[in-house]
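Open the model in your viewer and keep the sequence panel beside it. The stops below say what to select and what is there.

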Amino acid sequence: MAEPHTPAAARGPIFLVGCQRSGTTMLRLVLDSHSRVSCGPETRFLADMQRIVGRDWERLARFGFPREYWLGRIADFFGGIQADYARSRGKTRWADKTPLYALSIDFLAEVFPDAQFVHVVRDGRDVVVSHRKRFGYWSAVKCVVKWPRYIRVARAAGARLPADRYHELRYEETVTDPEKAMRALFEFLGEPWEAGVLDYDGKQHDVAGKYTAEADRRRAAAGTDAPIYGSRVGTYRRELDPFLRVLVRIFSGATLRELGYR
């Protein structure tokens, strides 16, 4: 039975961010399984619109409209699409899962002053392994620099936000004790707890077929049919080769230590 939520609960949009291969897709499906929340396909293009009030501002300012006008236009356009999509699915609140937006939290917080941000953090060594398996070796090499950059930029932006607008979620804690982690997440979001969010596989989501196939392969390899499982935690111990280990130590070591990963 759903638990009551507080009357003061936030009702702004939700942005789910984090370095790619950190578990954001799994969290997207958990959010999308809630009766109130719609979390559809990745958008990505909102980061491009940052140019309007960024490097293109000098040119666009000649229209004579203040910066707030442009921010409002962006919010109306993007928010309108998401709200229409949510309503079409019988939902009342929208969320967006786009890992890339971890680098644009400051901008998004301006566009949507009532937005809440959920930053998924995963051990960078496992993220590197996952990049190699999903995107190839060169992607893993680049990830040793990309992962700490995503962490650094997102956490710095989060530190500038009030506590009720930024929430960090550790991947390892999520897969070890899903209910505890998800209860804390929905409490942060001000949404009532629904146990069914943990069984997201039994619900309809607008996801690409390649995701379903990949998820099925991963579960088969892990020997489980559970939607959330922890067998991929610590894979770097057996799957990170010596060259990548050296690169991780050089480029990601400080961030790993800062986050408490040993």
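How many of the nine residues of helix α1 are buried? Select residues 24-32 to find out. This is a predicted model, so read each stop as a description of a prediction. Eight of the nine are buried, leaving helix α1 mostly covered. Colour them: T24, M26, L27, R28, L29, V30, L31 and D32. The list includes charged residues, R28 and D32 among them.

**Stop 1: T24**

Stay in α1 and pick T24, which lies in this helix. Its relative accessibility is 3%, so T24 counts as buried, the cut-off being under 20%. Now show what surrounds the residue. Leaving aside residues up to four places away in sequence, T24 touches L16, V17, G18, K97, P99 and V120.

**Stop 2: α1 against α8**

Show side chains at the contact. From α1, take L27, V30 and L31; from α8, take M182, L185, F186 and L189. By class, this contact of α1 with α8 has seven nonpolar residues, no polar and no charged. L27, V30 and L31 were also on the buried list for α1.

**Stop 3: the aromatic rings**

The structure holds 14 aromatic pairs. Zoom in on one of them, F15 with F112. Their ring centres are 5.8 Å apart, and the planes make an angle of 45 degrees, a tilted pair. F15 sits in strand β1 (residues 14-17), while F112 sits in the loop between α4 (105-111) and β4 (116-121), so the pair ties together parts that are 97 residues apart in sequence.

Are F15 and F112 buried or exposed? F15 has 0% relative accessibility and so counts as buried. F112, at 7%, counts as buried too.

Now widen the selection. Ring pairs join F15, F45, F77, F78, W94, Y101, F112 and F117 into a cluster.

**Stop 4: α5 against α6**

Bring the helices back. Select α5 (residues 124-135) and α6 (residues 137-159). Their axes come within 7 Å and cross at roughly 150 degrees. That angle is over 145 degrees, so α5 is roughly antiparallel to α6. The crossing is right-handed.

Which residues of α5 and α6 meet? On the α5 side, show G124, V127, V128, H131, R132 and F135. On the α6 side, show Y137, S139, A140, C143, V144, K146 and W147. By class, the contact of α5 with α6 has eight nonpolar, three polar and two charged residues.

**Stop 5: α6 against α11**

The crossing of α6 and α11 is right-handed.

The α6 side of the contact is Y137, A140, V141, V144, V145 and P148. The α11 side is F243, L244, L247, V248 and F251. By class, the contact of α6 with α11 has 11 nonpolar residues, no polar and no charged.

Finish by selecting Y137, A140 and V144 of α6. These residues meet α5, and they also contribute to the contact with α11.

Terms used. Residues numbered from 1 in each chain as written. Predicted model: local features only at pLDDT ≥ 70, side-chain atom pairs only at ≥ 80, totals over all residues. Heavy atoms only, no water. Axes fitted to C-alpha atoms, helices over the stretch in contact; angles between N-to-C directions. Helix = DSSP H or I, 4+ residues; strand = E, 2+ residues; numbered from the N terminus. Parallel < 35°, antiparallel > 145°, perpendicular 65-115°, else oblique. Left-handed = near helix turned anticlockwise from the far one by under 90°. Contact = heavy atoms within 4.5 Å. Phe/Tyr/Trp six-rings, centres within 6.5 Å; stacked < 30°, edge-to-face > 60°. Buried < 20%, exposed > 50% of the residue type's maximum accessible area, 1.4 Å probe, protein only.
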